[in-house]
Amino acid sequence: MGLKEALVRLSDYVYVLKENTIIGQRVPVYFYISDRLFEHLEEDAIRQAANAGTLPGVEKAIYVMPDVHVGYGFPVGGVMAVNTQTGIISPGSIGYDINCGVRLIATNLSEERILPIRQELMQEILNKVPAGVGSRGRLKLSKEQLKEVAIKGARWAVEYGFGFEEDLMHIESSGTLPDADPDKVSNFAYERGSEELGTVGSGNHFVEIQAVDEIYDENTAQKLGISIGQVMIMVHSGSRGFGHQVCVDYLKVAKDALDKYKIHIPDMQLACMPFRSEEGQNYFKAMNCAANYAFANRQILGFITADTLRRFLGISWEELGYRVVYDLAHNIGKVERYKIDGEEKELLVHRKGATRAFPPYNPDVPPAYRDVGQPVLIPGDIGRYSFLLVGAPKSMEISFGSACHGAGRLMSRTKAKEYARKEGIEKVLSGLVVVARGKGTIMEEIPQAYKDVTEVVKVVDALGIAKLVARLKPLGTLKG
Ligand SMILES: Nc1nc2c(ncn2[C@@H]2O[C@H](COP(=O)(O)O)[C@@H](O)[C@H]2O)c(=O)[nH]1
Ligand SMILES: [Mn+2]
Ligand SMILES: [Mn+2]
């Protein structure tokens, strides 16, 4: 019997793989998924989530979000929490693109102003915002400067002139993670990171001009300053080669340390180290450096894009009404506290392709949003929609304060290209404005390559993990 058949349907949106379904699996795995999305659930993604349930110190349950797909060792869309005293830290369960994440910026502009000029505007954004494989940014930073970025995160970018002090109040962890030690990052990571700060990257990463096209919760939307027809900027990028190298370096450290700590894992891609060990702490401190690099990266990208839009229209910052709504990480490991069976525990929450979704009145929600909950930013694809939600109370009980992170890939890059070729790329992209350095990327990133994000957010909304606030439609997209 395959693992998919072993899943028990508990309700409309919840399936469980009971503990001990595979050897050594100490906790159940909950899949938050609708029947439509269940059809796409891969056997290998189920196995990866079950494998994670065997890791030392794993607490309560593994949670899998509706945008799940197979990843490196741990599935994208997976949430795993381990005890910080007895548990491990797993680089593969955080991901290669450390602090890949999303930023949403609001403007005062209305959709009508952008629609007639969107092709020219996106061309200008393509000229001004560095994107694409191995693209170089405006900055070439020395190792000493990069160490500052690794410590200060988004604050470094603001001090350098990319943005405003108040932006920092609207970023997860204010855009600066404290436990960062730049001496734990390799020279090669510094080399790879030196010319990539302020660059989008390739593939799934993007800068998109969007318009608010539906509001589900008028009261919350008002508190977030969101209204119908409003033009928004969404940025999706991460820590580029810098973070990738941190992951590569510490996967090797983890593999080498398995014998030393007598850790047995069902898959080498889950190589891990005790969180409290020297190796585990070194990775955690390097991972936070990469996360800070990513916060700085999105700070720069969002600011350059807004500045390009402003200059293109010949308007001031005031007229543009630039305002960071929120910026969040969806590949990260964070120390948080949760009650399990009545006992409060300190846990290291691995979110890989999963978004923190803290509810109202949580002290880690920025003061401006304290009574509505943390904004949850869910990109969809270049042709359909993206969504703005806010964290809701159930997330603290049933998903370690987490929600989904996107639509999730449906087709491999090769399959997407084949589909685009067969159907004809002009037909597939009809009515969309998409710019990129290489045509290949667009073929891999067609809307059909992704699941239906509307179905994905319906699940987290129905479960009370996050609450739908607004739908955003793309006006133009820059792909890497
Ligand atoms: N609005 C857009 N959404 C997009 C685009 N390309 C990808 N995506 C979505 O982002 C998530 C997150 O991706 P990941 O790399 O962090 O796993 C992905 O699942 C898609 O739903 C885009 O161009 N525009
Ligand atoms: Mn991402
Ligand atoms: Mn990424």
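Predicted model: local features only at pLDDT ≥ 70, side-chain atom pairs only at ≥ 80, totals over all residues.
Good morning, colleagues. I shall begin with the ligand. Ligand 1 sits in the largest pocket. Two elements give two or more residues each to the shell around it, namely β8, residues 206-215, and β19, residues 466-479. In total, 18 residues surround ligand 1. Asn 204, Glu 208, Gly 380, His 405 and Ala 407 are the closest of them.

Which backbone atoms lie close to polar atoms of the ligand? For Gly 408, a polar backbone atom is 2.9 Å from an oxygen atom of ligand 1. Pro 379 places a backbone N or O atom 3.3 Å from an oxygen atom of ligand 1. In the case of Asp 381, a backbone N or O atom lies 3.3 Å from a nitrogen atom of the ligand. As for cover, ligand 1 on its own has 510 Å² of accessible area, and the protein covers 94% of that.

I turn now to helix α17, which spans residues 453-463. At its start, a side-chain oxygen of Asp 452 comes to within 3.0 Å of the backbone nitrogen of Thr 454. Within the helix, the buried residues are Val 453, Glu 455, Val 456, Val 457, Val 459, Val 460 and Leu 463. After α17 comes Gly 464, with a positive phi near 75°.

Thank you for your attention.

Key. Residues numbered from 1 in each chain as written. Chains lettered and ligands numbered in written order. Heavy atoms only, no water. Near = heavy atom within 4 Å. Polar contact = N/O pair within 3.5 Å; in protein donor to acceptor, adjacent residues only side chain to side chain. Areas by Shrake-Rupley, 256 points an atom, 1.4 Å probe, with all protein chains shown as cover. 1 Å grid on protein atoms, 1.4 Å probe; cavity = no way out; pocket = protein on both sides within 12 Å on 5 of 7 lines; lining within 4 Å. Sits in = over half its atoms within 2 Å of the grid points. Helix = DSSP H or I, 4+ residues; strand = E, 2+ residues; numbered from the N terminus. Buried < 20%, exposed > 50% of the residue type's maximum accessible area, 1.4 Å probe, protein only.
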